[in-house]
Amino acid sequence: MKSTVETLSPTRVRLEIEVPFAELEPSLKKAYREIGSQVVIPGFRRGKVPTAVIDQRVGRGAVLNEAVQEVIPTQILAAVREHEVKTLGRPEVEITEFADGQPLKFTAEVDVRPEITLPDLSAIEVTVDALVVNEDDVDEQLKGLRDRFATLKTVERPALVGDFVQIDLVATVDGEEVPGGSANNISHEVGSGQLVPGLDDVLAGMSAGDSTTFTTQLVGGDFEGRDAEVSVSVKSVKDKQLPPVDDEFAQLASEFDTLDELKDDLRTRLSRVKRMEQLYSARDLALKAVIDATEVPAPEGVVKDEVESRKESMNDQLQRIGASFEDYLSTEGKTEEEMDAELNEAAVEGVKVQLVLDTLADAEDIQVSDDEFGHEIVHRAQRAGVGPQQYYDQLVQAGVAGAVFGDVRRGKALGLVLERVKIVDSEGTALSLDDLRGPTDEHEGHDHGDHEGHNH
């Protein structure tokens, strides 16, 4: 095998490879064996068909083609190793010359990792919002807890915003009942906007036993976009009564005995959330600053594949909820071209981040231990709802186990970035990575209102 490499751009090369016909012989014999085991020819046992018969019945060209398709990937890999090319993505192959008995000549264009000069990380400074937990934040958390422990009491008065009503609904278009447009005994919070547009406007002021009709535009189903007449009947009106905020409420809604203890715990939890927000902000700002300080060209082929991958993932998620890509575009008020542009921008940014972190990992000789890789496999398997060994086997079968390994390595490189850049908050306080991670709280894992013994 002879090969040469030509640099087309900082992110793309063309390999020209020539393979003597003699080096195709092992793959050619394998192709004859595989085709011979698949065809059925009278007078010959399966797998024992002579090559001359296969040439006559299947064609020598088909055998040569199968042999070439097997040879090309291995020859590309050999050329990549010979020229020490750091490839990215899939190569685009073009056979330039080949005939029976003659050398195979082909080219393979492939994206490569560009040479990147990293900046001095310690010279980079990013600013995050200061960690502030005020009483309004605590009160908002208390309000959420009170809502979870609220009780509903039937009242003999017109409904107000915030009340819960029990209603029957019937929707019709031109006198014909809309499929799925009827429902009985629905509990609905007035003003929540959770049901039909326009419903809350008519419910406010209605009492138990009242009925009315209103017109709304349907947003789904066979009558999408059509005006429908909706009949609504109120069966009961209930007032949401919130428990008083005191020590007794603290005992009901949490594992604490006093309101002050509950508030202190809420402050701790809010601090943890805001500290995590600081960490995410520092991560994003630090990566952007490193990329801005580094000339990082994004390989077009890799970006294209990433866009297609993101689009496919988006379509899969939409299908799982019974929606289409066109529905999503309509809801977002965007054209397909605008969505493609957004996906392309995100893909370019994502590819640049990967390139920078890979370069840093190489420069620092970052290694991934078996335990670290195994921990990531277990974590991803749990999220996927399968066993770790099954998940790993699926990765190997799909040929993407190396990608997970790369993700773990980049994660360690990212940790190094956050350790070396200077992080300050908006009040000028310097923050370390340990500051952002915060202390481990002894109440971690408890959830207010979900402890044993209380039913809500």
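A salt bridge is taken here as a side-chain nitrogen of Lys or Arg within 4 Å of a carboxyl oxygen of Asp or Glu. The structure is a predicted model, in which local features need pLDDT of at least 70 and side-chain atom pairs count only at pLDDT 80 or more, while totals for chains, interfaces and linings use all residues. Residues are numbered from 1 along each chain as its sequence is written, and side-chain values use heavy atoms, with hydrogens and water left out.

Across the whole structure, 37 salt bridges were found. One of them joins the side chains of Lys274 and Asp137, with an N to O distance of 3.9 Å. This pair connects distant parts of the chain, 137 residues apart: Lys274 belongs to helix H6 (residues 259-292) and Asp137 to helix H3 (residues 135-148). Helices (H or I, at least four residues) are DSSP runs, as are strands (E, at least two), and both are numbered from the N terminus. Lys274 is partly exposed, its relative accessible area being 23%, and Asp137 is likewise classed as partly exposed, at 21%. In this classification, buried denotes under 20% relative accessible area, exposed over 50%, and partly exposed the range in between (1.4 Å probe, protein chains only).

Arg267 pairs with Asp264, their closest N and O atoms lying 2.8 Å apart; the two residues are 3 positions apart in helix H6, about one turn of the helix. Arg267 is partly exposed at 26% relative accessibility, and Asp264 is partly exposed at 44%. A further salt bridge joins Arg269 to Asp265, with 2.6 Å between the closest N and O atoms. Because Arg269 and Asp265 are 4 residues apart in helix H6, about one helical turn separates them. Both Arg269 and Asp265 are buried. Elsewhere, a network of salt bridges links Glu6, Arg12, Arg14, Glu92, Glu109 and Asp111.

A patch of negative charge on the surface is formed by Asp247, Asp257, Asp260 and Glu261. Patches consist of residues with over 30% relative accessible area and no salt bridge, like charges being joined within 9 Å and nonpolar side chains (Val, Leu, Ile, Met, Phe, Trp, Tyr) within 5 Å. Lys and Arg count as positive and Asp and Glu as negative, whereas His and the chain ends are not counted; the place of a charge is NZ of Lys, CZ of Arg, CG of Asp or CD of Glu. Accessible areas come from the Shrake-Rupley method with a 1.4 Å probe, and for residues only the protein chains shown count as cover.

Thr359, in helix H9 (residues 336-363), is buried, with a relative accessible area of 11%. Apart from neighbours within four places in sequence, Thr359 is in contact (heavy atoms within 4.5 Å) with Arg113, Ile116 and Leu118. Ala78, in helix H2 (residues 51-83), is partly exposed at 31%. The C-alpha atoms of Ala78 and Gly36 are 29 Å apart in space, and the two residues are 42 residues apart in sequence. Pro439 lies in the segment after helix H13 (433-437) and is exposed, at 62% relative accessibility.
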